[in-house]
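Please consult the sequence and the structure while reading.

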There are 4 protein chains.
Amino acid sequence: MRAVTFQAPGEVRVEDRPEPELLDGEDAIVRIDATGVCGSDLHIYHGRVQIEPGFTIGHEYVGTVLDVGDAVSTVAPGDRVLGCFQSACGRCWFCRRGLYQRCEHSRTFGHGATLGSLQGTQAEMALVPHADLVLRKVPEGMSDEVALFAGDVMGTGFHAIDATPMRPGDTVAVLGLGPVGLCAVQVARAAGAAKVLAVDTVPERLEVAQAFGAEPVHLTEQDVRAAARGATEGRGVDVCVDAVGDPRALEMAIRLTRACGHVQCIGVYAERAEVHMGLLWLNAITLGGGQANVIGHVDRVLAMMSAGVLDPTALVTRHMSLDDASEAYAVYDRREALKIILRP
Amino acid sequence: MRAVTFQAPGEVRVEDRPEPELLDGEDAIVRIDATGVCGSDLHIYHGRVQIEPGFTIGHEYVGTVLDVGDAVSTVAPGDRVLGCFQSACGRCWFCRRGLYQRCEHSRTFGHGATLGSLQGTQAEMALVPHADLVLRKVPEGMSDEVALFAGDVMGTGFHAIDATPMRPGDTVAVLGLGPVGLCAVQVARAAGAAKVLAVDTVPERLEVAQAFGAEPVHLTEQDVRAAARGATEGRGVDVCVDAVGDPRALEMAIRLTRACGHVQCIGVYAERAEVHMGLLWLNAITLGGGQANVIGHVDRVLAMMSAGVLDPTALVTRHMSLDDASEAYAVYDRREALKIILRP
Amino acid sequence: MRAVTFQAPGEVRVEDRPEPELLDGEDAIVRIDATGVCGSDLHIYHGRVQIEPGFTIGHEYVGTVLDVGDAVSTVAPGDRVLGCFQSACGRCWFCRRGLYQRCEHSRTFGHGATLGSLQGTQAEMALVPHADLVLRKVPEGMSDEVALFAGDVMGTGFHAIDATPMRPGDTVAVLGLGPVGLCAVQVARAAGAAKVLAVDTVPERLEVAQAFGAEPVHLTEQDVRAAARGATEGRGVDVCVDAVGDPRALEMAIRLTRACGHVQCIGVYAERAEVHMGLLWLNAITLGGGQANVIGHVDRVLAMMSAGVLDPTALVTRHMSLDDASEAYAVYDRREALKIILRP
Amino acid sequence: MRAVTFQAPGEVRVEDRPEPELLDGEDAIVRIDATGVCGSDLHIYHGRVQIEPGFTIGHEYVGTVLDVGDAVSTVAPGDRVLGCFQSACGRCWFCRRGLYQRCEHSRTFGHGATLGSLQGTQAEMALVPHADLVLRKVPEGMSDEVALFAGDVMGTGFHAIDATPMRPGDTVAVLGLGPVGLCAVQVARAAGAAKVLAVDTVPERLEVAQAFGAEPVHLTEQDVRAAARGATEGRGVDVCVDAVGDPRALEMAIRLTRACGHVQCIGVYAERAEVHMGLLWLNAITLGGGQANVIGHVDRVLAMMSAGVLDPTALVTRHMSLDDASEAYAVYDRREALKIILRP
């Protein structure tokens, strides 16, 4: 079968690969109908996340079940399914607490040996372990390009809000309007936030945020702190999502947040950083971060997407063939698309 | 000043009453601009809730602050305000836990001696105790008839959902589509419910529920249990709101709800009732009930109404003059209106 | 192997049965070292819960792993383990939410075809499905008779408190001091309840409750409501556990509980019952019930038992041989023991 | 009356001051029976917290009510009371959410003009504003020196645990065993922590922690990370309390905590600090901090102290006369006492 493989920094290639086979009773084989290119794929493309040359990449996918192992009970051959970007065993200490993102046996699609040697989904077929936990049937009437968000980007946007104490009627700020930030905007509104301030520098992204119900705030051309205060009688926002992953974003997040509020870092931090602990402490702010629990959220996310309460359609700005993966990565690297969908 | 007073079952009258005066540092005097007629007013009108003849009734109100006591700091003369239907002291055991609906010194407007001898708001002016807790400024651009809902009916609909473990993506059923039930429908959707089943027998109410984003289900002409199962892959709804207050509604609520789900009785129960404890236990359902914590919710409700996320406009079906209160009660008693607004 | 089998109401018998064999990759075979006789066994003994004659009964057990399937990773042959009274799959809708007691594929040991045809543990050996979820290693230094409580009675006592909003400093009442009620007393104290009122009519049980840190209250010789009020400045208890399962207990529970408090029915209800909904509503009490989520709690329960914070030793009042099971059931039926431990 | 006043860094003095008088209906006048010297008093003593020379200091106190304003309803002249270290209005945005530590009108005893110009309690008498919120009757049988902890140090230790998601059965580590850290140890155990690791370098403090039920770990002579892993099957602790307030403690706290665990900084941070955000993010740790909500906790703390579940007696290592305040501060500054009680 054809598969998109990593070769070297800046180079991916469509190659022939052996078709996957069932190895365990909980496995499924899925024929890929559509697969996305995601910001994390760029980390591999840039060589920041190192994987073995020739490894198949990709982790966003919708497809059709071809075969399942004996122990699989929730999906069957012929089912149209979407999947989560990582697997979980359902039995370890973390899974037993519903913390699927920390499963002791978790494997992430398309991230090489360091994350479980699970071949990616930018291919004609994929092996899916622990299929009952990882796969869900696509609700009737939902398009491939929408469904595919549930197992990765929208699940992450959902986590950005769900991991906070946000309640209906609150005011939320989202810093950074990439796909995850924009999904967080939409989730915040869908979960009852009365106001969402959406902060970025790119006019197109601010426009999408506005269409999603947020008040757009230009990072450099407007006074972000004044906007936050103006929206909250001077207190600051109840919850601030840092969807950037940069110490300056975190500093701003802490400054925008009211006393006893919450800052959630959904953007990735990989190193030590200077944090204004004094302000955080003075204002009794709680700070959270980390990868999303996509398996834990996927049913809710799908239900909301199926009801139209969440709708990532506006984020899909490009469709290409799997055979053009090399060009797709170049396009995405030049930030010419929010989300590219590849079809085999 | 003119005021609507209870005289006898079936008889209310507009009479002259002395203007209220400040009695305590936390008091405010409010000139009433608009006041509602509510289902609980009918309990008085019907004599089921007994109050003294000549007592001023009414507890939904929007107005303008005329004067405040020394200790009031959040509103000032000239402010346009809305108020909650009851007062709370902010200092007793229950208030210190935020359970304002159970304040040991609570007084309810327009309910006579048994609820604190606080004259009602269907009058030209009203005395408001503990004004910092009871009153809020009307957000700019909000009409009287919308604002007035925050302190009573919409606050109660908010409580119907807030008192449950409902989370975004859940499926909710609301039984009984009076004003409170319809508000609960709207709150459930605004808080992220993916699906809301709205159950009643009155076509007009089912239509309003549908306009509020619910799936309408006719109690007798459709199979309600089949609808609940159909919406949830057979499990039953996550949360069911009983906005009726009748053992048959409660029985249905328990039958519609999934294992480990929640039933919330916002409709009033005043007596013993046969409850299917066996089914409740077997399915590990939790059951809650009681009056709404309107003071605790009013800021959130106002923020959501101000953002347009909640909008009770469709419930206001009649405007009349305070002088026509007698006719207004007769109209409301004949169920010819969902909400009547009186203006002095 | 020898096994205790149900024959007819009032009759159990030790018979020869075939040894269990691994049927699935998640199975384990456990050699039983100690097994308990429990109140639910009496329901079978009395014929109230109907099972097939010749079915092996029992569901409390400690033993040694003899063999495991390929997919088992947390226990291995030779491990000393305790187990939960029911199994769960870890993959269905309810398991994915941590509601293991409602697993769609759950099987309960020793309860015949209606609860999954899983042979009981009052035998020399037992087949344990989904071993990673059901079994845990016995912490070093913990006796068989203590460990065995974690998977059933103490897990249920833990649930009786964990399913409520009880917080450190609260006052709790427990109605009914059978083994589960007494465990609930101990859990409430261990979780920080400042006061626990323990209500029963049996002096020996009241004494055990007192030794566990509770204030004993005799149901008929003392004024229970006065005791609850006296302990709470007149408000009523924050949380009341009904460990009886009788409408009179529920009525008392509702009467003992403060406004906005919680009643938890851990005692079984199987039918309709008259409930004082008026009082429940007036006081905004929440009501919960249902079987315990023992798999969800077992790690915490074990940790607390291992630390000595929970200690059911005082409940073990009789040791007998598995061969004397017939007599053991007769003894337990005459209420001559709180817990009988059988050893093969 | 006599009062301990700040004069200059390193110098306090007992001076004559005018007796306080009621200024507001919610005020009370309390005759001080016992007052503590606290770590925060040392910040003033050292000049790090600047207050006006001649200002009365102290904020821990037990006494007898001499007089109350008209609006006070929960205490009366003659009542033996303890008080919280700060006042709250009960009516502002934060108070209405129970966040009393952030009251917009909060005043802290003995901290000069910057914290509300409220004269301290190291004096013969004190004026207490908002007495219904600030004061509580001392439970029968509780000594002055125990009661006094509820309104400051034990309330802060309670907050250190209550502000975290700790649940019964968890493992907790406390870094820094000053009075607050030791109270946190006691609260963690009382709230059901199965294991508490208590980390410090001072043998006497480690011994007290051990007597409170913790496993003592010497910061430099033992391997703290190995201890945390050994207590948790290698995962790390569920909750870590940083009772130091130093970036090195925070770094250790993050390293000791398991994935999806929580770090609570009860020790004060006043400046920017380098935080290992990469590790925090990778392990999805939440971080909280800030001053304790002592008014919000005081009823629970008192109930637990009254039940003997919490008992700070071991922390009181010195009794002195108010007249010897100058010497008391010198003793405390030399760390020769954990808590000094002064009596007028």
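How many residues of chain D are in contact with chain A, and how many residues of chain A do they meet? In this predicted model, 38 residues of chain D are in contact with 38 residues of chain A.

## Area and composition of the D–A interface

Chain D and chain A bury about 3300 Å² between them, and 64% of this area lies on carbon and sulfur atoms. On the side of chain D, the residues that lose the most area to chain A are D:Arg272, D:Met277 and D:Trp281, which together account for 24% of what that side buries.

## Polar contacts and salt bridges

Between chain D and chain A, 15 residue pairs are in polar contact, counting pairs in which both residues have a pLDDT of 80 or more. The elements of chain D that each supply at least two residues to the side touching chain A are the helices α2 (93-96), α9 (247-256) and α10 (277-282), together with the strands β12 (257-265), β13 (273-275) and β14 (286-289). Sorted by class, that side of chain D consists of 19 nonpolar, 10 polar and 9 charged residues.

The rule for salt bridges finds 4 of them across the interface of chain D and chain A. In one salt bridge, the side chain of D:Glu274 meets that of A:Arg272, with an N to O distance of 3.8 Å.

## Strand pairing across the interface

Strand β13 of chain A, residues 273-275, is joined to β13(D) by 3 bridges, and the two strands run antiparallel. Within this pairing A:Glu274 stands opposite D:Glu274, the residue whose side chain also takes part in the salt bridge with A:Arg272.

## A buried arginine of chain C

C:Arg96 belongs to helix α2 of chain C, which spans residues 93-96. With a relative accessible area of 11%, C:Arg96 counts as buried because this value falls under the 20% cut-off.

Leaving aside residues up to four places away in sequence, C:Arg96 touches A:Tyr100, A:Asp132, A:Leu133, A:Arg136 and A:Asp299 of chain A, as well as C:Arg91 of its own chain. With A:Asp299 there is also a polar contact between the side chains, at 3.0 Å.

## Strand β4 of chain B

Strand β4 of chain B (residues 61-68) is mostly covered, since 6 of its 8 residues are buried. Strand β3 (residues 28-37) is joined to β4(B) by 7 bridges in an antiparallel arrangement, in which B:Val30 has B:Val65 as its bridge partner. β4(B) also pairs with strand β5 (residues 80-83) in the antiparallel sense, over 3 bridges, and here B:Gly63 is partnered by B:Val81.

Key: Residues numbered from 1 in each chain as written. Chains lettered and ligands numbered in written order. Predicted model: local features only at pLDDT ≥ 70, side-chain atom pairs only at ≥ 80, totals over all residues. Heavy atoms only, no water. Helix = DSSP H or I, 4+ residues; strand = E, 2+ residues; numbered from the N terminus. Buried < 20%, exposed > 50% of the residue type's maximum accessible area, 1.4 Å probe, protein only. Polar contact = N/O pair within 3.5 Å; in protein donor to acceptor, adjacent residues only side chain to side chain. Contact = heavy atoms within 4.5 Å. Buried area = accessible area lost by both parts, 1.4 Å probe. Nonpolar A, V, L, I, M, F, W, Y, C, P; charged D, E, K, R; others polar. Pairing = 2+ DSSP bridges.
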